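Hi,

Here is the structure I promised to pass on. My notes follow below it.

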Amino acid sequence: MNELQFNKTTIFRCLLFFSMAFSAQLTAQEVSATLDTASMRIGEQIRYSISVETDSTDLVVFPEGQTFSPLEMVESFAADTSRVQDRFRLIKEYALTQWDSGSYTIPRQRVNINDNIYYTDSLLVEVGTVVVDTTKQKMYPIKPSVEVPSGFSVPEWAWWVLAVLLLGLLGAYLFFRRRKKKAEAAKKLPPYEQAIFELQQLDKSHLLEKREIKEYYSQLSAAVRRYLDGEVFDHAMESTTGELILYLEHERQTGHLNLSDETIKRLKTILERADLAKFANSRPDVITAKEDRSSVESVINDTKASIPQPSEEDLLKDQQYRERLERKKKVRKIVIGVIVFVLIFSGATAYIISTQGFDYFRDTYLGNESKELLEGEWIRSEYGSPAVTVTTPEVLVRVVNDSTARAAGKETFRAGSVEGNLFVDLNTRPAGQDFKLESAVEEVYAYLEKRGARNIITKQEEIATLNGAKGLKIFGTMGMEMEDSDKILQKEYAILNFGEGGGYQQIVVIYNEGDSFAEEISERITASVELRNAEN
(Lines give C-alpha, C1' and ligand atoms only; values in the text may rest on other atoms or scores of the structure.)
Protein backbone atom coordinates (compact mmCIF):
# COMPACT_ATOMS: atom_id res chain seq x y z
CA MET A 1 0.00 0.00 0.00
CA ASN A 2 2.82 2.40 0.83
CA GLU A 3 4.66 1.55 -2.40
CA LEU A 4 1.53 2.26 -4.49
CA GLN A 5 1.03 5.58 -2.72
CA PHE A 6 4.68 6.48 -3.37
CA ASN A 7 4.31 5.74 -7.11
CA LYS A 8 1.19 7.97 -7.34
CA THR A 9 3.01 10.81 -5.64
CA THR A 10 5.98 10.46 -7.98
CA ILE A 11 3.76 10.41 -11.07
CA PHE A 12 1.88 13.52 -9.83
CA ARG A 13 5.11 15.46 -9.27
CA CYS A 14 6.42 14.51 -12.72
CA LEU A 15 3.23 15.66 -14.37
CA LEU A 16 3.35 18.90 -12.41
CA PHE A 17 7.00 19.46 -13.47
CA PHE A 18 6.30 18.86 -17.16
CA SER A 19 3.21 21.05 -16.97
CA MET A 20 5.20 23.92 -15.45
CA ALA A 21 7.99 23.45 -18.03
CA PHE A 22 5.49 23.48 -20.91
CA SER A 23 3.78 26.55 -19.43
CA ALA A 24 7.13 28.34 -19.11
CA GLN A 25 8.01 27.46 -22.69
CA LEU A 26 4.62 28.71 -23.89
CA THR A 27 5.06 31.89 -21.91
CA ALA A 28 8.51 32.44 -23.40
CA GLN A 29 7.00 32.21 -26.86
CA GLU A 30 4.26 34.76 -26.13
CA VAL A 31 6.51 37.84 -26.53
CA SER A 32 9.17 38.33 -29.22
CA ALA A 33 10.96 41.27 -30.94
CA THR A 34 12.33 41.60 -34.49
CA LEU A 35 14.03 44.19 -36.73
CA ASP A 36 13.37 44.78 -40.41
CA THR A 37 17.16 45.12 -40.87
CA ALA A 38 20.18 44.78 -38.61
CA SER A 39 22.23 47.46 -40.39
CA MET A 40 21.51 51.06 -41.30
CA ARG A 41 23.22 54.33 -42.25
CA ILE A 42 23.38 57.46 -40.16
CA GLY A 43 19.98 59.18 -40.03
CA GLU A 44 18.05 56.29 -41.59
CA GLN A 45 15.09 54.66 -39.84
CA ILE A 46 14.55 51.00 -38.99
CA ARG A 47 11.37 49.21 -37.89
CA TYR A 48 11.39 47.52 -34.48
CA SER A 49 8.43 45.11 -33.97
CA ILE A 50 7.12 43.47 -30.79
CA SER A 51 4.80 40.46 -31.30
CA VAL A 52 2.53 39.17 -28.54
CA GLU A 53 0.21 36.13 -28.69
CA THR A 54 -2.46 36.22 -26.03
CA ASP A 55 -6.13 35.71 -25.27
CA SER A 56 -8.73 38.29 -26.22
CA THR A 57 -9.47 39.04 -22.57
CA ASP A 58 -5.87 39.87 -21.65
CA LEU A 59 -4.72 43.45 -21.16
CA VAL A 60 -1.43 44.13 -23.02
CA VAL A 61 0.66 47.26 -22.36
CA PHE A 62 3.53 47.93 -24.80
CA PRO A 63 6.55 50.10 -23.97
CA GLU A 64 6.22 53.83 -24.65
CA GLY A 65 8.71 56.71 -24.66
CA GLN A 66 12.47 56.67 -25.21
CA THR A 67 13.09 53.15 -23.84
CA PHE A 68 15.19 52.09 -26.86
CA SER A 69 18.29 54.12 -25.98
CA PRO A 70 20.94 54.35 -27.38
CA LEU A 71 18.61 54.43 -30.42
CA GLU A 72 16.05 57.23 -30.64
CA MET A 73 12.36 56.52 -31.17
CA VAL A 74 11.01 58.67 -34.02
CA GLU A 75 7.44 57.37 -34.17
CA SER A 76 5.22 54.83 -32.39
CA PHE A 77 2.66 53.14 -34.67
CA ALA A 78 -0.72 51.75 -33.68
CA ALA A 79 -0.81 48.05 -32.76
CA ASP A 80 -2.00 45.63 -35.44
CA THR A 81 -4.26 42.74 -34.36
CA SER A 82 -4.71 39.39 -36.14
CA ARG A 83 -6.24 36.02 -35.14
CA VAL A 84 -4.17 32.86 -34.87
CA GLN A 85 -6.49 29.87 -34.28
CA ASP A 86 -8.11 30.52 -30.88
CA ARG A 87 -5.65 33.26 -29.84
CA PHE A 88 -4.87 36.86 -30.91
CA ARG A 89 -1.55 38.18 -32.19
CA LEU A 90 -0.71 41.82 -31.44
CA ILE A 91 2.14 43.46 -33.37
CA LYS A 92 3.44 46.87 -32.24
CA GLU A 93 5.98 48.69 -34.46
CA TYR A 94 8.36 51.57 -33.71
CA ALA A 95 10.52 53.72 -36.03
CA LEU A 96 14.05 54.07 -34.60
CA THR A 97 17.08 56.05 -35.77
CA GLN A 98 20.66 56.89 -34.76
CA TRP A 99 22.90 59.80 -35.80
CA ASP A 100 26.30 58.34 -34.87
CA SER A 101 28.01 55.39 -36.50
CA GLY A 102 28.92 52.24 -34.53
CA SER A 103 27.44 49.07 -33.04
CA TYR A 104 24.46 49.50 -30.74
CA THR A 105 22.38 47.12 -28.67
CA ILE A 106 18.66 47.74 -28.30
CA PRO A 107 17.90 46.80 -24.69
CA ARG A 108 15.24 44.33 -23.64
CA GLN A 109 11.78 45.85 -23.76
CA ARG A 110 9.20 45.36 -21.03
CA VAL A 111 5.67 44.20 -21.96
CA ASN A 112 2.89 43.94 -19.36
CA ILE A 113 0.21 41.28 -19.87
CA ASN A 114 -2.40 41.61 -17.14
CA ASP A 115 -0.35 41.46 -13.92
CA ASN A 116 2.60 39.61 -15.50
CA ILE A 117 5.78 41.22 -16.85
CA TYR A 118 7.64 39.87 -19.91
CA TYR A 119 10.82 41.01 -21.61
CA THR A 120 11.95 40.79 -25.22
CA ASP A 121 15.44 39.78 -26.28
CA SER A 122 18.06 42.48 -26.84
CA LEU A 123 19.00 43.08 -30.49
CA LEU A 124 22.22 44.31 -32.16
CA VAL A 125 22.21 47.09 -34.79
CA GLU A 126 25.11 48.27 -36.97
CA VAL A 127 25.08 51.97 -37.97
CA GLY A 128 27.40 52.81 -40.86
CA THR A 129 28.72 56.16 -42.08
CA VAL A 130 27.81 57.88 -45.36
CA VAL A 131 30.77 57.76 -47.71
CA VAL A 132 31.53 61.07 -49.48
CA ASP A 133 33.72 61.05 -52.61
CA THR A 134 35.71 64.26 -52.20
CA THR A 135 37.17 63.86 -55.70
CA LYS A 136 33.73 64.45 -57.24
CA GLN A 137 32.12 66.69 -54.64
CA LYS A 138 34.13 69.82 -53.91
CA MET A 139 34.38 70.78 -50.24
CA TYR A 140 33.43 74.30 -49.23
CA PRO A 141 34.23 76.15 -46.02
CA ILE A 142 31.68 76.23 -43.21
CA LYS A 143 29.20 79.01 -43.81
CA PRO A 144 28.40 81.55 -41.10
CA SER A 145 25.20 81.28 -39.13
CA VAL A 146 22.08 82.75 -40.69
CA GLU A 147 19.35 84.43 -38.68
CA VAL A 148 16.14 82.43 -38.96
CA PRO A 149 12.94 84.51 -39.12
CA SER A 150 10.32 83.96 -36.45
CA GLY A 151 7.77 81.25 -37.09
CA PHE A 152 4.79 83.62 -36.88
CA SER A 153 4.47 87.00 -38.53
CA VAL A 154 1.48 89.12 -39.45
CA PRO A 155 0.95 89.04 -43.24
CA GLU A 156 1.64 92.32 -44.99
CA TRP A 157 -1.81 92.40 -46.56
CA ALA A 158 -3.39 92.29 -43.07
CA TRP A 159 -1.91 95.71 -42.26
CA TRP A 160 -3.35 97.06 -45.51
CA VAL A 161 -6.79 95.70 -44.67
CA LEU A 162 -6.56 97.18 -41.16
CA ALA A 163 -5.55 100.59 -42.54
CA VAL A 164 -8.44 100.52 -45.03
CA LEU A 165 -10.90 99.60 -42.27
CA LEU A 166 -9.66 102.47 -40.08
CA LEU A 167 -9.96 104.90 -42.99
CA GLY A 168 -13.44 103.58 -43.69
CA LEU A 169 -14.52 104.03 -40.08
CA LEU A 170 -13.06 107.55 -39.97
CA GLY A 171 -14.81 108.49 -43.22
CA ALA A 172 -18.11 107.05 -42.01
CA TYR A 173 -17.79 108.94 -38.72
CA LEU A 174 -17.12 112.26 -40.50
CA PHE A 175 -19.92 111.65 -42.99
CA PHE A 176 -22.59 110.87 -40.38
CA ARG A 177 -21.37 113.68 -38.11
CA ARG A 178 -21.70 116.22 -40.92
CA ARG A 179 -25.06 114.78 -41.85
CA LYS A 180 -26.27 115.11 -38.26
CA LYS A 181 -25.10 118.73 -38.00
CA LYS A 182 -26.75 119.55 -41.28
CA ALA A 183 -30.01 118.00 -40.12
CA GLU A 184 -29.87 119.92 -36.85
CA ALA A 185 -29.17 123.16 -38.70
CA ALA A 186 -32.09 122.52 -41.01
CA LYS A 187 -34.40 121.97 -38.05
CA LYS A 188 -33.29 125.17 -36.33
CA LEU A 189 -35.65 128.12 -36.92
CA PRO A 190 -34.62 131.77 -37.28
CA PRO A 191 -34.31 133.57 -33.90
CA TYR A 192 -37.70 135.35 -34.05
CA GLU A 193 -39.67 132.28 -35.15
CA GLN A 194 -37.82 130.19 -32.59
CA ALA A 195 -38.71 132.61 -29.78
CA ILE A 196 -42.42 132.69 -30.71
CA PHE A 197 -42.39 128.87 -30.96
CA GLU A 198 -40.89 128.57 -27.47
CA LEU A 199 -43.51 130.92 -26.02
CA GLN A 200 -46.28 128.84 -27.60
CA GLN A 201 -44.76 125.68 -26.14
CA LEU A 202 -44.62 127.41 -22.77
CA ASP A 203 -48.37 128.15 -23.00
CA LYS A 204 -49.04 124.46 -23.60
CA SER A 205 -46.83 123.23 -20.74
CA HIS A 206 -49.43 123.85 -17.96
CA LEU A 207 -46.63 124.89 -15.62
CA LEU A 208 -48.74 127.66 -14.09
CA GLU A 209 -51.59 125.25 -13.37
CA LYS A 210 -49.10 123.01 -11.59
CA ARG A 211 -47.69 126.00 -9.70
CA GLU A 212 -44.19 125.36 -11.06
CA ILE A 213 -43.37 129.08 -11.08
CA LYS A 214 -39.58 128.64 -11.02
CA GLU A 215 -39.52 126.43 -14.12
CA TYR A 216 -42.00 128.75 -15.86
CA TYR A 217 -39.81 131.82 -15.42
CA SER A 218 -36.68 129.86 -16.34
CA GLN A 219 -38.17 128.98 -19.75
CA LEU A 220 -39.62 132.48 -20.19
CA SER A 221 -36.31 134.25 -19.56
CA ALA A 222 -34.43 131.67 -21.70
CA ALA A 223 -36.74 132.37 -24.67
CA VAL A 224 -36.14 136.12 -24.66
CA ARG A 225 -32.42 135.79 -23.93
CA ARG A 226 -32.02 133.26 -26.75
CA TYR A 227 -33.72 135.65 -29.16
CA LEU A 228 -31.50 138.57 -28.11
CA ASP A 229 -28.45 136.27 -28.36
CA GLY A 230 -29.29 135.49 -31.98
CA GLU A 231 -30.34 138.96 -33.13
CA VAL A 232 -28.73 141.62 -30.91
CA PHE A 233 -26.11 140.50 -28.39
CA ASP A 234 -24.29 137.18 -28.90
CA HIS A 235 -23.48 136.95 -25.16
CA ALA A 236 -27.03 137.38 -23.96
CA MET A 237 -27.33 133.83 -22.65
CA GLU A 238 -24.34 133.98 -20.28
CA SER A 239 -24.66 137.70 -19.32
CA THR A 240 -26.28 138.89 -16.10
CA THR A 241 -29.45 140.92 -16.22
CA GLY A 242 -27.56 144.14 -15.46
CA GLU A 243 -24.97 143.48 -18.21
CA LEU A 244 -27.66 142.72 -20.77
CA ILE A 245 -29.74 145.85 -19.96
CA LEU A 246 -26.60 147.98 -19.99
CA TYR A 247 -25.70 146.67 -23.46
CA LEU A 248 -29.20 147.34 -24.82
CA GLU A 249 -29.13 150.94 -23.50
CA HIS A 250 -25.74 151.45 -25.12
CA GLU A 251 -27.02 150.13 -28.46
CA ARG A 252 -30.04 152.44 -28.21
CA GLN A 253 -27.83 155.47 -27.51
CA THR A 254 -25.50 154.67 -30.44
CA GLY A 255 -28.44 154.29 -32.80
CA HIS A 256 -28.04 150.59 -33.46
CA LEU A 257 -31.40 149.84 -31.82
CA ASN A 258 -34.58 151.94 -31.88
CA LEU A 259 -35.92 150.59 -28.57
CA SER A 260 -37.92 152.81 -26.25
CA ASP A 261 -37.07 153.29 -22.60
CA GLU A 262 -40.38 151.67 -21.70
CA THR A 263 -39.47 148.44 -23.57
CA ILE A 264 -36.07 148.21 -21.90
CA LYS A 265 -37.62 148.86 -18.45
CA ARG A 266 -40.25 146.17 -19.01
CA LEU A 267 -37.56 143.68 -20.05
CA LYS A 268 -35.47 144.59 -16.99
CA THR A 269 -38.43 144.07 -14.67
CA ILE A 270 -39.27 140.67 -16.18
CA LEU A 271 -35.68 139.41 -16.05
CA GLU A 272 -35.21 140.59 -12.44
CA ARG A 273 -38.45 138.87 -11.44
CA ALA A 274 -37.27 135.70 -13.22
CA ASP A 275 -33.94 135.86 -11.37
CA LEU A 276 -35.76 136.10 -8.04
CA ALA A 277 -38.00 133.16 -8.96
CA LYS A 278 -35.02 131.03 -10.02
CA PHE A 279 -32.50 131.91 -7.32
CA ALA A 280 -34.43 133.41 -4.37
CA ASN A 281 -37.48 131.12 -4.34
CA SER A 282 -39.79 134.06 -5.04
CA ARG A 283 -43.24 132.98 -6.17
CA PRO A 284 -45.08 135.60 -8.22
CA ASP A 285 -48.83 135.03 -8.64
CA VAL A 286 -50.26 133.45 -11.75
CA ILE A 287 -51.76 136.71 -13.10
CA THR A 288 -48.38 138.44 -12.90
CA ALA A 289 -46.72 135.49 -14.63
CA LYS A 290 -49.22 135.63 -17.51
CA GLU A 291 -48.72 139.39 -17.84
CA ASP A 292 -44.92 138.82 -17.96
CA ARG A 293 -45.41 136.25 -20.70
CA SER A 294 -47.35 138.80 -22.81
CA SER A 295 -44.76 141.48 -22.04
CA VAL A 296 -41.94 139.18 -23.24
CA GLU A 297 -43.70 138.66 -26.58
CA SER A 298 -44.15 142.46 -26.88
CA VAL A 299 -40.44 143.04 -26.09
CA ILE A 300 -39.45 140.51 -28.75
CA ASN A 301 -41.73 142.18 -31.32
CA ASP A 302 -40.47 145.66 -30.41
CA THR A 303 -36.85 144.50 -30.62
CA LYS A 304 -37.41 142.88 -34.01
CA ALA A 305 -39.00 146.10 -35.28
CA SER A 306 -36.20 148.25 -33.84
CA ILE A 307 -33.39 146.45 -35.63
CA PRO A 308 -32.41 148.75 -38.55
CA GLN A 309 -32.35 147.41 -42.09
CA PRO A 310 -28.85 146.63 -43.37
CA SER A 311 -27.17 149.27 -45.54
CA GLU A 312 -25.80 148.67 -49.02
CA GLU A 313 -22.35 148.30 -47.50
CA ASP A 314 -23.66 145.73 -45.06
CA LEU A 315 -25.43 143.92 -47.86
CA LEU A 316 -22.18 143.91 -49.88
CA LYS A 317 -20.28 142.51 -46.93
CA ASP A 318 -23.02 139.96 -46.47
CA GLN A 319 -22.76 139.02 -50.16
CA GLN A 320 -19.00 138.59 -49.85
CA TYR A 321 -19.57 136.53 -46.75
CA ARG A 322 -22.05 134.35 -48.61
CA GLU A 323 -19.59 133.92 -51.49
CA ARG A 324 -16.95 132.81 -49.04
CA LEU A 325 -19.43 130.36 -47.62
CA GLU A 326 -20.18 129.06 -51.13
CA ARG A 327 -16.46 128.60 -51.81
CA LYS A 328 -16.09 126.77 -48.53
CA LYS A 329 -19.01 124.56 -49.48
CA LYS A 330 -17.40 123.77 -52.83
CA VAL A 331 -14.10 122.96 -51.15
CA ARG A 332 -15.97 120.81 -48.67
CA LYS A 333 -17.72 118.97 -51.49
CA ILE A 334 -14.37 118.37 -53.21
CA VAL A 335 -12.89 117.06 -49.97
CA ILE A 336 -15.89 114.80 -49.43
CA GLY A 337 -15.59 113.57 -53.03
CA VAL A 338 -11.91 112.79 -52.50
CA ILE A 339 -12.70 110.98 -49.25
CA VAL A 340 -15.45 108.95 -50.96
CA PHE A 341 -13.08 108.08 -53.81
CA VAL A 342 -10.38 107.06 -51.34
CA LEU A 343 -12.87 104.94 -49.42
CA ILE A 344 -14.14 103.24 -52.59
CA PHE A 345 -10.59 102.69 -53.83
CA SER A 346 -9.50 101.43 -50.42
CA GLY A 347 -12.50 99.11 -50.20
CA ALA A 348 -11.79 97.70 -53.66
CA THR A 349 -8.13 97.31 -52.76
CA ALA A 350 -8.98 95.54 -49.51
CA TYR A 351 -11.38 93.21 -51.34
CA ILE A 352 -8.79 92.30 -53.97
CA ILE A 353 -6.09 91.76 -51.34
CA SER A 354 -8.34 89.66 -49.10
CA THR A 355 -9.58 87.45 -51.97
CA GLN A 356 -6.56 87.32 -54.31
CA GLY A 357 -3.69 88.09 -51.93
CA PHE A 358 -1.33 91.04 -51.64
CA ASP A 359 1.17 89.58 -54.12
CA TYR A 360 -1.50 89.46 -56.84
CA PHE A 361 -2.50 93.08 -56.15
CA ARG A 362 1.11 94.26 -56.15
CA ASP A 363 2.06 92.38 -59.31
CA THR A 364 -1.10 93.28 -61.24
CA TYR A 365 -1.75 96.90 -60.25
CA LEU A 366 1.51 98.25 -58.86
CA GLY A 367 3.68 96.60 -61.48
CA ASN A 368 6.24 93.80 -61.41
CA GLU A 369 9.30 93.89 -63.64
CA SER A 370 9.62 90.11 -63.76
CA LYS A 371 5.94 89.69 -64.64
CA GLU A 372 6.26 92.25 -67.45
CA LEU A 373 9.31 90.42 -68.83
CA LEU A 374 7.52 87.07 -68.66
CA GLU A 375 4.38 88.34 -70.41
CA GLY A 376 6.26 90.49 -72.93
CA GLU A 377 7.57 89.56 -76.36
CA TRP A 378 10.40 87.01 -76.18
CA ILE A 379 13.35 86.90 -78.56
CA ARG A 380 14.91 83.75 -80.00
CA SER A 381 18.42 84.20 -81.32
CA GLU A 382 21.74 82.45 -81.90
CA TYR A 383 24.83 83.49 -79.94
CA GLY A 384 28.58 82.78 -80.00
CA SER A 385 30.70 80.06 -81.51
CA PRO A 386 30.02 77.16 -81.11
CA ALA A 387 26.52 78.55 -81.57
CA VAL A 388 23.85 78.48 -78.85
CA THR A 389 20.22 79.12 -79.74
CA VAL A 390 18.11 80.32 -76.84
CA THR A 391 14.89 82.27 -76.20
CA THR A 392 15.08 85.17 -73.74
CA PRO A 393 12.75 88.01 -72.68
CA GLU A 394 15.44 90.54 -73.72
CA VAL A 395 18.08 90.33 -76.40
CA LEU A 396 21.52 89.44 -75.01
CA VAL A 397 24.12 92.15 -75.71
CA ARG A 398 27.72 91.27 -76.52
CA VAL A 399 30.21 92.13 -73.77
CA VAL A 400 33.75 93.21 -74.61
CA ASN A 401 36.04 90.76 -72.80
CA ASP A 402 39.62 91.36 -71.72
CA SER A 403 42.56 90.36 -73.87
CA THR A 404 43.04 87.02 -72.08
CA ALA A 405 39.43 85.99 -72.68
CA ARG A 406 39.57 87.10 -76.30
CA ALA A 407 42.79 85.11 -76.83
CA ALA A 408 41.00 82.02 -75.51
CA GLY A 409 38.14 82.62 -77.98
CA LYS A 410 35.62 83.40 -75.24
CA GLU A 411 32.47 85.30 -76.23
CA THR A 412 30.05 86.75 -73.66
CA PHE A 413 26.47 87.97 -74.10
CA ARG A 414 24.52 89.50 -71.23
CA ALA A 415 21.20 91.07 -70.17
CA GLY A 416 20.21 92.62 -66.85
CA SER A 417 22.36 92.95 -63.73
CA VAL A 418 23.22 90.72 -60.80
CA GLU A 419 21.65 93.24 -58.41
CA GLY A 420 18.39 93.45 -60.41
CA ASN A 421 15.40 91.15 -60.72
CA LEU A 422 16.93 89.07 -63.51
CA PHE A 423 20.44 88.48 -64.84
CA VAL A 424 21.23 86.33 -67.90
CA ASP A 425 24.81 85.62 -68.98
CA LEU A 426 25.79 83.41 -71.95
CA ASN A 427 29.42 82.33 -72.60
CA THR A 428 30.92 80.27 -75.42
CA ARG A 429 34.51 79.22 -76.14
CA PRO A 430 36.41 76.46 -77.98
CA ALA A 431 37.11 73.48 -75.73
CA GLY A 432 40.88 73.02 -75.84
CA GLN A 433 42.85 70.15 -74.41
CA ASP A 434 43.42 72.00 -71.14
CA PHE A 435 39.78 72.99 -70.68
CA LYS A 436 37.99 71.73 -67.54
CA LEU A 437 34.33 72.14 -66.60
CA GLU A 438 35.24 72.83 -62.97
CA SER A 439 37.38 75.79 -64.03
CA ALA A 440 34.56 77.34 -66.02
CA VAL A 441 32.14 77.02 -63.10
CA GLU A 442 34.73 78.43 -60.71
CA GLU A 443 35.00 81.49 -62.93
CA VAL A 444 31.31 82.14 -62.38
CA TYR A 445 31.63 81.72 -58.61
CA ALA A 446 34.65 84.03 -58.56
CA TYR A 447 32.68 86.63 -60.54
CA LEU A 448 29.70 86.38 -58.14
CA GLU A 449 31.86 86.58 -55.01
CA LYS A 450 33.57 89.64 -56.45
CA ARG A 451 30.11 91.23 -56.85
CA GLY A 452 29.17 90.45 -53.23
CA ALA A 453 27.83 86.88 -53.28
CA ARG A 454 27.90 85.09 -49.91
CA ASN A 455 26.68 81.78 -48.47
CA ILE A 456 26.53 80.02 -51.85
CA ILE A 457 24.65 76.70 -51.67
CA THR A 458 25.26 74.32 -54.59
CA LYS A 459 23.30 71.43 -56.13
CA GLN A 460 23.66 69.74 -59.53
CA GLU A 461 21.77 67.52 -61.95
CA GLU A 462 22.06 66.27 -65.52
CA ILE A 463 19.89 67.91 -68.20
CA ALA A 464 19.22 67.59 -71.93
CA THR A 465 18.33 70.23 -74.53
CA LEU A 466 15.54 70.14 -77.09
CA ASN A 467 17.81 68.47 -79.66
CA GLY A 468 19.20 65.93 -77.20
CA ALA A 469 22.47 67.59 -76.18
CA LYS A 470 23.55 66.46 -72.72
CA GLY A 471 24.66 68.94 -70.09
CA LEU A 472 25.12 69.63 -66.39
CA LYS A 473 22.97 72.05 -64.41
CA ILE A 474 24.46 73.58 -61.27
CA PHE A 475 21.95 75.50 -59.20
CA GLY A 476 21.23 76.74 -55.68
CA THR A 477 20.84 79.87 -53.57
CA MET A 478 23.11 82.65 -52.30
CA GLY A 479 23.06 86.00 -50.55
CA MET A 480 24.05 89.11 -52.53
CA GLU A 481 25.44 92.14 -50.66
CA MET A 482 24.37 95.48 -52.08
CA GLU A 483 27.16 97.99 -52.76
CA ASP A 484 25.45 101.10 -51.37
CA SER A 485 23.82 99.52 -48.30
CA ASP A 486 24.15 96.74 -45.76
CA LYS A 487 21.12 94.96 -47.20
CA ILE A 488 21.58 91.37 -48.41
CA LEU A 489 19.29 90.09 -51.17
CA GLN A 490 18.58 86.38 -51.34
CA LYS A 491 19.11 85.06 -54.87
CA GLU A 492 18.59 81.82 -56.77
CA TYR A 493 20.87 80.85 -59.61
CA ALA A 494 21.18 78.22 -62.33
CA ILE A 495 24.34 77.52 -64.39
CA LEU A 496 23.83 75.39 -67.51
CA ASN A 497 27.02 73.78 -68.85
CA PHE A 498 27.34 72.03 -72.23
CA GLY A 499 30.18 70.70 -74.35
CA GLU A 500 28.95 70.35 -77.93
CA GLY A 501 30.37 71.10 -81.36
CA GLY A 502 33.96 71.01 -80.17
CA GLY A 503 33.35 73.84 -77.72
CA TYR A 504 31.97 74.81 -74.33
CA GLN A 505 28.68 76.62 -73.78
CA GLN A 506 27.51 78.11 -70.49
CA ILE A 507 24.27 79.94 -69.59
CA VAL A 508 23.93 81.66 -66.20
CA VAL A 509 20.53 82.83 -64.86
CA ILE A 510 20.26 84.70 -61.52
CA TYR A 511 17.03 86.04 -60.01
CA ASN A 512 15.52 87.07 -56.67
CA GLU A 513 14.55 84.24 -54.36
CA GLY A 514 10.80 83.85 -54.05
CA ASP A 515 10.08 85.62 -57.38
CA SER A 516 7.78 83.09 -59.05
CA PHE A 517 7.74 85.02 -62.34
CA ALA A 518 11.55 85.11 -62.53
CA GLU A 519 11.66 81.42 -61.67
CA GLU A 520 9.30 80.71 -64.57
CA ILE A 521 11.53 82.82 -66.84
CA SER A 522 14.55 80.74 -65.80
CA GLU A 523 12.73 77.48 -66.51
CA ARG A 524 11.56 78.77 -69.89
CA ILE A 525 15.10 79.84 -70.85
CA THR A 526 16.46 76.45 -69.79
CA ALA A 527 13.84 74.59 -71.82
CA SER A 528 14.52 76.67 -74.97
CA VAL A 529 18.26 75.95 -75.30
CA GLU A 530 19.41 74.28 -78.55
CA LEU A 531 23.00 73.30 -79.41
CA ARG A 532 24.76 71.81 -82.39
CA ASN A 533 25.65 68.23 -81.56
CA ALA A 534 29.07 66.85 -82.25
CA GLU A 535 27.54 64.82 -85.11
CA ASN A 536 26.38 68.02 -86.78
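Val 342 is found in helix H8. Helices here are DSSP runs of H or I with at least four residues, strands are runs of E with at least two, and both are numbered from the N terminus. This is a predicted model: local features need pLDDT of at least 70, side-chain atom pairs count only at pLDDT 80 or more, and totals for chains, interfaces and linings use all residues. Residues are numbered from 1 along each chain as its sequence is written, and side-chain values use heavy atoms, without hydrogens and water.

Val 342 is partly exposed, at 33% relative accessible area. The classes are buried (under 20%), exposed (over 50%) and partly exposed in between, with a 1.4 Å probe and protein chains only.

Val 342 belongs to a nonpolar surface patch of about 580 Å², along with Leu 167, Ile 334, Val 338, Phe 341 and Phe 345. Patch residues have over 30% relative accessible area and no salt bridge; nonpolar side chains are joined within 5 Å. A salt bridge puts a Lys or Arg side-chain nitrogen within 4 Å of an Asp or Glu carboxyl oxygen. Helix H8 (residues 312-356) gives the most to this patch, with five residues.

**Helix H4**

Helix H4 covers residues 213-231. Its buried residues include Tyr 216, Leu 220 and Arg 225. The buried residues of H4 pack against helices H3, H5, H6 and H7, where contact means heavy atoms within 4.5 Å.

**Overall**

The protein has 13 helices and 21 strands. Buried residues make up 33% of its 536 residues.

Best wishes

Technical notes: Patches are made of residues with over 30% relative accessible area and no salt bridge: like charges are joined within 9 Å, nonpolar side chains (Val, Leu, Ile, Met, Phe, Trp, Tyr) within 5 Å. Accessible areas come from the Shrake-Rupley method with a 1.4 Å probe; for residues, only the protein chains shown count as cover. The expected span of a helix is 1.5 Å times one less than its number of residues.
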